[in-house]
Amino acid sequence: MNFRSLLSVAVLTTSAASAWAAPITPTFDHFGTLADATFGGSGIPNDAVAITTHSASAWGVPIGSITLGLTAHQRYDSPALTNNGAGVFYAQAGIDTHAPSPSDPYALWNFGFHVGGTGLSLLSYDYTLHYDFDPGVDTDQSAHGSVTIPGALAFALSGFQDSYNLGMNSLDGFVLFGTQPTFPTFDPTADGEYSFALVASQNGQEAARTAITVVVGNNVPEPASLALVGIALIGLAASRRRKA
């Protein structure tokens with residue numbers, strides 16, 4: 001089932017994970033392909049995903065594992081995003097032209113999330129998606145919006161995934177199944193930095209997370225520039241080894 005459709009049938013609760021008092025920074029076990037992920041659509045890239053795999057347990061007994069995935073990607077035929085291979089994505093600012101945008105302004109890019117699991121692992125955790133409207137850097141997680149799905153529903157669905165746009169009305173104003181960001185409204189034309197986290201919690205305590213950052217606007221490097229940055233870092237490391 002498309003996760004967005006759950007908003008009309010599920011009673012979602014906020015998680016203790018939303019009390020995190022620190023900026024969200026890229027966090028994952030590995031960054032690459034998540035083969036099971038479609039992010040609720042077709043043609044959405046799944047080869048640049050921040051992935052965290054957590055060994056699940058209940059009452060100290062292993063019950064399988066859960067997988068959390070986050071990515072960012074272009075909306076329809078908008079310019080493709082680049083990334084630094086370490087959880088930071090680069091997108092262009094602007095308003096998408098596909099319905100319901102531009103009358104209801106959407107960004108040129110989306111963020112996708114995926115929760116998968118084995119056995120009873122999904123049942124034992126609640127899952128909170130944190131999202132950011134503030135274009136400033138290092139936005140504290142407590143200022144993010146959040147939506148939480150309980151483990152019972154995740155188990156019933158055998159996991160869930162979708163792709164959202166920060167311009168969606170369901171993420172702004174009154175968020176029926178979570179909390180809205182403290183920053184007033186997302187502006188798709190603004191340069192800035194936006195952070196996202198997908199958190200699994202058990203008994204009110206965070207157990208695992210994956211997180212990414214999307215940098216939007218004029219400072220977005222071209223792919224060639226990203227390659228040069230990588231070469232420069234390798235050269236710097238080699239220079240340090242020679243001096244040692």
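Predicted model: local features only at pLDDT ≥ 70, side-chain atom pairs only at ≥ 80, totals over all residues.

I started with contacts along the sequence. Counting contacts in the chain with a separation of 6 or more, I found that 70% are between residues 24 or more positions apart.

Next up, the overall layout. I looked up two helices and twelve strands in the chain. Reading along the sequence, I wrote the pattern down as β-β-β-β-β-β-β-β-α-β-β-β-β-α.

Then burial and surface. The chain has 244 residues, and 48% of them count as buried. For the accessible surface I noted about 11300 Å², with 57% of that belonging to carbon and sulfur atoms.

Who sits beside S5? On my list is strand S4 (residues 82-83), which pairs with S5 in the antiparallel sense over two bridges. Together S4 and S5 make a hairpin, with four residues between them. I peeked at the turn and found Gly-85 there with a positive phi of about 75 degrees.

Strand S12 (residues 205-216) is on the list as well: it runs parallel to S5, and four bridges join them.

Last entry, on Tyr-90. I found that Tyr-90 is the bridge partner of Thr-82, and that in S12 its bridge partner is Val-215.

Notes:
Residues numbered from 1 in each chain as written. Heavy atoms only, no water. Buried < 20%, exposed > 50% of the residue type's maximum accessible area, 1.4 Å probe, protein only. Contact = heavy atoms within 4.5 Å. Areas by Shrake-Rupley, 256 points an atom, 1.4 Å probe, with all protein chains shown as cover. Pairing = 2+ DSSP bridges.
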